[in-house]
Amino acid sequence: MAFDEVEERYRAPALDKGLDILELLAETEEGLSQAEIAKALSRSPNEIYRMLDRLVRRGYIARTTTDRYELTLKLFALAHRHAPMRRLVSQAMPVLRDFARAAGQACHIAVYDRGEVIVVAQVDSPSYWGIAVRVGARVGLFDTGSGHILLAYATPGERKLMAEEHEMLPLETRPADLEARLADIVKRGYEQMESRQTPSVVNLAVPILGPHGSIIAAMTCPYVQRLDSNSPDQQAVLKHLVASGAAISANAGGAEP
């Protein structure tokens, strides 16, 4: 049997139609109307109505107040749940351990998932002192170093969707100066902010980037100043953190910010 005959035999028109819509929306930043989608795919508006409805109900696309359709971050979240996420953690753990030893501080890696920031890997400080955030913890998007990094390096479309998903959850409110702060983060390549959860802790955070500069995760150190040891100061720890984030990014196929 010829290849074309096999391909035709196992066609799944409804699946093809759904994938065509997802691939089309992935190439646009401002969304498309039902008529625009139909025209781009050479189909009638009625032909794709049911598929659009199902994709909205399943959370893969969203319908805006202006009756346009946009991708949500559900595909992004699915892509980072299993093997890729395990691979990231596996590649990152040696670097996290090296950082903790060199800096004398705890550190963790966090990713974005449906409105929340989730810690997926963590290493304790090698000393008796340190602030650790356990694996599986959910932390704020707008009031943590990890959240700021994930927002700063997201595309404008991704950031808009992240904010919309976050607003559906009973978490912290969005600060008024957020956009300016995110722009500054990208310029300098890191976040350095006092913790809004724990006194005397400074959140140091850097991006972990994948291919084409896409943001994969944030590496964060909840820095605690030690008065009874010769451990590295905050700026030295930040330097270690920037180098560690770049190393993990390189392992993930990305580049330095």
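Modeller: Let us start with a definition: Ala, Val, Leu, Ile, Met, Phe, Trp, Tyr, Cys and Pro count as nonpolar, Asp, Glu, Lys and Arg as charged, and the others, Gly among them, as polar. Keep in mind that this is a predicted model.

Biologist: How do the residues lining the largest pocket divide into those classes?

Modeller: Eight are nonpolar, five polar and four charged. The pocket holds about 430 Å³ of space. Of its 17 lining residues, those closest to the centre include Glu-158 and Leu-161.

Biologist: Which helix gives the most to that lining?

Modeller: Helix 8 does, with five residues. Helix 2, strand 3 and helix 5 are among the elements that each supply at least two.

Biologist: How should I read two packed helices?

Modeller: Two packed helices are described by the angle between their axes and the distance between the axes. Here, the axes of helix 7 and helix 9 cross at roughly 80° and come within 9 Å. Angles of 65 to 115 degrees count as roughly perpendicular, so that word describes helix 7 and helix 9.

Biologist: Which residues of helix 7 meet helix 9?

Modeller: His-148, Ile-149, Leu-151 and Ala-152 do, and their partners in helix 9 include Arg-181 and Leu-182.

Biologist: What is the order of strands in the open sheet?

Modeller: The six strands run 6-5-4-9-8-7, with antiparallel pairing. Strands 6 and 7 stand at the edges with a single partner strand each, so one side of each has no neighbour in the sheet. Strand 7 pairs with strand 8 over four bridges, and Met-193 stands opposite Asn-203 in strand 8.

Technical notes:
Residues numbered from 1 in each chain as written. Predicted model: local features only at pLDDT ≥ 70, side-chain atom pairs only at ≥ 80, totals over all residues. Heavy atoms only, no water. Pairing = 2+ DSSP bridges. Axes fitted to C-alpha atoms, helices over the stretch in contact; angles between N-to-C directions. Parallel < 35°, antiparallel > 145°, perpendicular 65-115°, else oblique. Contact = heavy atoms within 4.5 Å. 1 Å grid on protein atoms, 1.4 Å probe; cavity = no way out; pocket = protein on both sides within 12 Å on 5 of 7 lines; lining within 4 Å. Points joined across faces, edges and corners; volume = space filled by probe spheres on them.
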